[in-house]
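Colleague: Please put the model up, and then I will ask about particular places in it.

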Amino acid sequence: MRGIVTIDGPSASGKSSAARRVAEALGVPYLSSGLLYRAAAFLALRAGVDPGDEAGLLGLLQRFRVRLVPGKENRVLADGEDLTPSLHTLEVDRVVSEVARLPGVRAWVNERLKEVPPPFVAEGRDMGTAVFPEAPHKFYLTARPEVRAKRRAKERPQAYEAILQDLLRRDEKDKAQSAPAPDALLLDTSDLTLEEVVAWILERVRD
């Protein structure tokens with residue numbers, strides 16, 4: 001496979017799992033833009049920096065030399081420290097949208113992603129619109145909020161209702177950022193298995 005595949009969508013729509021499987025099937029790297037935003041949010045929380053403080057956040061990212069290590073499972077390193085195990089928590093969930101709205105942080109994430117030579121599969125909120133608009137294969141996955149909350153509840157120790165409310169709040173915050181590209185193929189994954197989603201994407205990429 002040559003070129004770039006983008007898979008966008010809201011939280012817990014299945015895009016990360018699908019992107020990993022699609023990349024593996026195609027024999028190319030997988031890039032998770034969300035991990036870089038989560039790393040910025042985590043560093044801000046750990047350092048006591050306001051998540052809305054753009055200058056403070058950019059200073060942290062530069063000071064710790066944060067970088068994404070692509071692969072079957074992406075990792076984020078900061079001065080050699082692997083931050084990945086700390087990035088999927090409810091605390092990070094609650095501030096990552098605020099961090100992701102900052103233009104300077106978005107530009108920083110986009111620069112890190114564009115350092116990786118294609119081919120690859122990139123997943124996030126705006127991979128097919130803002131980051132890789134030239135990508136020949138663009139997909140947008142979505143699912144009903146209740147289904148997404150149940151999926152997320154399997155990964156978090158918090159109760160389903162709390163996770164659902166957090167997802168709905170994040171959807172509202174991410175509305176502008178996460179609109180699908182005009183030429184993206186849309187798929188509702190609510191009633192599909194991961195295998196069915198992956199097969200659907202691969203069929204269209206290979207065609």
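Colleague: Between which two strands is the loop that holds Asn-74?

Modeller: Strands (E, at least two residues) and helices (H or I, at least four) are DSSP runs, numbered from the N terminus. Asn-74 is in the loop between β3 (66–69) and β4 (75–78).

Colleague: What pLDDT do local features need here?

Modeller: Residues are numbered from 1 along each chain as its sequence is written, and side-chain values use heavy atoms, with hydrogens and water left out. This is a predicted model in which totals for chains, interfaces and linings use all residues, side-chain atom pairs count only at pLDDT 80 or more, and local features need pLDDT of at least 70.

Colleague: Is Asn-74 buried or exposed?

Modeller: Buried means under 20% relative accessible area, exposed over 50%, and partly exposed in between (1.4 Å probe, protein chains only). The relative accessible area of Asn-74 is 5%, so Asn-74 is buried.

Colleague: Which backbone oxygen does the side chain of Asn-74 reach?

Modeller: Polar contacts are N or O pairs within 3.5 Å; within protein, one atom must be able to donate a hydrogen and the other to accept it, and residues adjacent in sequence count only if both atoms are side-chain atoms. A polar atom of the Asn-74 side chain lies 2.7 Å from the backbone nitrogen of Ser-32. Not counting residues up to four places away in sequence, Asn-74 touches several residues (heavy atoms within 4.5 Å), among them Leu-31, Leu-35 and Thr-84. The backbone oxygen reached by the side chain, at 2.7 Å, is that of Tyr-30.

Colleague: In which sense do β2 and β6 pair?

Modeller: Two strands pair if DSSP finds at least two bridges between them. Leu-31 has Ala-122 as its bridge partner in β6. There are 3 bridges between β2 (residues 30–32) and β6, and the sense is parallel.

Colleague: Which residue of β6 is the bridge partner of Asp-8?

Modeller: Strand β1 (residues 4–8) also pairs with β6 in the parallel sense, over 5 bridges. The partner of Asp-8 in β6 is Gly-124.

Colleague: Why can strand β6 be called largely enclosed, and which of its residues point the other way from Phe-120, Ala-122 and Gly-124?

Modeller: Strand β6 (residues 120–124) has 5 of its 5 residues buried, so the rest of the structure largely encloses it. In a regular strand, side chains alternate between the two faces of the sheet. Phe-120, Ala-122 and Gly-124 point one way from β6, and those pointing the other way, also buried, are Val-121 and Glu-123.

Colleague: What is the omega of the peptide bond from Pro-118 to Pro-119?

Modeller: Pro-119 lies in the loop between α5 (103–114) and β6. Most peptide bonds are trans. The bond from Pro-118 to Pro-119 is cis, with omega near 10°.

Colleague: What is the phi of Ala-12?

Modeller: Ala-12 sits in the loop between β1 and α1 (15–26). With a relative accessibility of 14%, Ala-12 counts as buried. Although Ala-12 is not a glycine, its phi is positive, at about 60°.

Colleague: Which residues are closest to the centre of the largest pocket?

Modeller: On a 1 Å grid over the protein atoms alone, a cavity is a set of points where a 1.4 Å probe fits but cannot get out, a pocket is an open set with protein on both sides within 12 Å along at least five of seven lines, and lining residues have an atom within 4 Å of a point. Points are joined across faces, edges and corners, and a volume is the space filled by probe spheres set on them. The largest pocket holds about 880 Å³ of space. Of its 39 lining residues, the closest to the centre are Ala-12, Ser-16, Ser-17, Arg-152 and Glu-155.

Colleague: Which element gives the most to the lining of the largest pocket?

Modeller: Ala, Val, Leu, Ile, Met, Phe, Trp, Tyr, Cys and Pro count as nonpolar, Asp, Glu, Lys and Arg as charged, and the others, Gly among them, as polar. The lining of the largest pocket has 10 nonpolar, 16 polar and 13 charged residues. With 5 residues, the element that gives the most is α2.

Colleague: How many residues does α8 supply to the lining of the largest cavity?

Modeller: There is 1 cavity of 30 Å³ or more, and the largest cavity has about 80 Å³ of space. Its lining has 3 nonpolar, no polar and 5 charged residues. Both α4 (90–100) and α8 (160–173) supply at least two of the lining residues. The largest share comes from α8, with 4 residues.
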